[in-house]
Amino acid sequence: MKKKVAEFSQGAVYAYTIQNEAIHMTALNFGAVITELKTSDRSGNMENVVAAFPDIMDYERQQGPYLNAVVSPVAGRIAYGSYSMENTVHQLSINNGCHHLHGGTGGISRQLFHVEEEEQALHFHLECRHDMDGFPQGTYRYDIWYRLSGNNLIIEYHGTPPQKSLMNMTSHMYFNLSGNLRESILQHDLRIDSVEKLKIHPDGHPFEKEKIEAGSAFDFRNLTPIQKRYKLGHPEFQYTRAYDTPFLLGPNGITLYHAGSGRRLDMTTDAPSLVLYSANYFDDENLVLNHHRRGEAFIALALETQDLPNGVNIRNAEVHPFYDARHPYKQKTVYTFSHM
């Protein structure tokens, strides 16, 4: 179902809704933003489990949180906007402190896509350039699919650069399984199959791999209350405020659970890493969110599956950050919703 909801500076914005018995989802052609994702709790109540703006115009006005948008040509920070490819140093635009973040000002999170409606699926297509942000010249082609299958939301990403280029795609969805932002995500339990993370430099970028110490603030190998781990503290929190952490993933995925509602989210992905972000700066951005909630830290949780952020600048990162027409970027993440 398609409905015009706003007129942005780039053109008309439409909302598209797909649904089945388990999931109701609405997304915009702007940034492939998901504005509503409803699933049921243990009592059968269908409620929204993502943070969103109540005013559609805020998706154009607000530039900070990338709220439920898809980001590319690169997800995450590129340290100081600089990287080396084929023995040549390349400089990208700087749009986040001293770093390049989420593709810069011309990233796809603020572009209008062409959308094709399929049976319980949406296909987003975009062709655009990124040379204004320092990427190779030419047309980048993006295809993103949102598919519903039973209690699964499946997101597939396909990106083809015009020539050899950095590329890394992810969904910046912010989850809160309590429903309608009723409780903080500190009241959720989290499991991440990971024994390694990336250390965060005081300047804010990931810069090297390290083992996760058992029982530490970053140990989510078993389903554990987020609040319990966060209260342990960590020196990185002095400059990240809380979780803004890339985890190297094992094969057993991610689980988020809210005991109060019984809602559970299980995620599987073919991406090698997950960035966990706890909305640390939402209070600084003067956000007004859905259900009359003010933006605050821990109001929602981003679970961003992707290649290692800043992997091009991390020694022994064991990633393939460069793609071309013969080797396009591909990624698939499955979100499975249930209740207990």
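In what follows, Ala, Val, Leu, Ile, Met, Phe, Trp, Tyr, Cys and Pro count as nonpolar, Asp, Glu, Lys and Arg as charged, and the others, Gly among them, as polar. The model is predicted, so that local features need pLDDT of at least 70 and side-chain atom pairs count only at pLDDT 80 or more, while totals for chains, interfaces and linings use all residues. Residues are numbered from 1 along each chain as its sequence is written, and side-chain values use heavy atoms, with hydrogens and water left out.

The lining of the largest pocket divides into 14 nonpolar, 17 polar and six charged residues, and the volume of this pocket is about 740 Å³ (a pocket is an open set of points on a 1 Å grid over the protein atoms alone, where a 1.4 Å probe fits, with protein on both sides within 12 Å along at least five of seven lines; lining residues have an atom within 4 Å of a point; the volume is the space filled by probe spheres set on the points, which are joined across faces, edges and corners). Of its 37 lining residues, the closest to the centre are Tyr66, Arg77, Asn96, Leu101 and Asp244.

An open sheet of five strands has the order β1-β2-β3-β4-β5 with antiparallel pairing (strands are DSSP runs of E, at least two residues, numbered from the N terminus, and two of them pair if DSSP finds at least two bridges between them). Its edge strands, β1 (2-8) and β5 (46-48), each pair on one side only. Within the sheet, five bridges join β2 (residues 11-19) to β3 (residues 24-28), and tyrosine 16 has alanine 27 in β3 as its bridge partner.

Methods. Helix = DSSP H or I, 4+ residues; strand = E, 2+ residues; numbered from the N terminus.
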